[in-house]
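Work through the exercises below with the sequence and the model side by side. Each task is followed by a solution in steps.

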Amino acid sequence: MPSAVITGATSGLGLAFAIHLAGAGYDLTLVARTRRDLESTADLLRSPGRRVTTMAADLATAPGSSRLTERLARTVPDLLVNNAGMAVAAAFPASDSGAEEALLQLNIGCVLRTTQAVLPAMMQRGYGAVVNVASVAAYGPTWLASTYPASKSWVLAFTESIARSAPIRDSGVRIMALLPGYIRTAFHQRAGLEVGHLPSWMWLNSEQVVTAAMRDLARGRLVSIPTRRYRACAWGLRHLPRTLTSAFSWDLGRARSALAPPDAPCTADPAA
């Protein structure tokens, strides 16, 4: 039976990955901060013949990240989903430096370390896959005065750089960056971000994102952007002048009443 490790696995996109992979016959290791949430999620997913284990770790800290990488190095899964992530609501540079460092540790450092922990064994045995959750925001500064898009730009660049290298291509291992748009999860509430101004068409649900991601992974794609609307947004962020795209961006440095207008076309973020 194939195995998967999912970070941020008790809610939102991570939970949707867990449910989807459980249905596909995977043994699961769920990683999140809160043991109570982990156990309730594991109880939901356990069934005869399926093993679901949990690991409580705060991946925004060095000790928590180290615990996970050590475990991954000992027992390498068939699939690693680096889903856990965070955003800081306060505008830079007024934001708390500790929170910004935690963002870097979780969104960047943990992705680097876990990917490095599993790749050597995956390459040696000739199979395995890594999905790194980024964001459509990785293609441009859609959140002005925020370090979040920059962290997701790193995830995208890192994933593409590694995936395109000859040793990875020749090994049979697949690595893919997932770039969703806005997803209806608790991500924004936990981060303290007000998103009530966004129009309904910008919202995706976790299940459709995961279904698209797993389909694209099976097809060997390096980047997965669910739905045509967000692929169009990604094209605009990549090719239109920054002066144009930034005019429609969400500026955290402004007052709440001056946030991006409801028809802003290309503001995006994933949910952890």
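**Exercise 1.** Which strands does helix 5 lie across, and at what angle does helix 5 run to strand 7?

Solution. The model is predicted: local features need pLDDT of at least 70, side-chain atom pairs count only at pLDDT 80 or more, and totals for chains, interfaces and linings use all residues. Residues are numbered from 1 along each chain as its sequence is written, and side-chain values use heavy atoms, without hydrogens and water. Helices (H or I, at least four residues) and strands (E, at least two) are DSSP runs, numbered from the N terminus. Helix 5 (residues 148-163) lies across strand 5 (129-133), strand 7 (174-178) and strand 10. Its angle to strand 7 is about 160°; axes are lines fitted to C-alpha atoms, for helices over the stretch in contact, and angles run from 0 to 180 degrees between N-to-C directions.

**Exercise 2.** Give the strand order of the open sheet and name its edge strands.

Solution. The order of the 7 strands is 3-2-1-4-5-7-10, with parallel pairing; two strands pair if DSSP finds at least two bridges between them. Strand 3 (52-56) and strand 10 (223-224) are the edges, each pairing on one side only.

**Exercise 3.** Trace the pairing of strand 4 and state how its faces are covered.

Solution. Strand 4 (residues 79-82) pairs in the parallel sense with strand 1 (residues 3-7) over 3 bridges. Within this pairing, leucine 80 is the bridge partner of valine 5, and valine 81 stands opposite isoleucine 6. Strand 5 runs parallel to strand 4 and is joined to it by 4 bridges; there, alanine 129 is the bridge partner of leucine 79. In a regular strand the side chains alternate between the two faces of the sheet. In strand 4, Leu79 and Val81 on one side and Leu80 and Asn82 on the other are all buried (under 20% relative accessible area, exposed being over 50% and partly exposed in between, with a 1.4 Å probe and protein chains only).

Conventions. Contact = heavy atoms within 4.5 Å.
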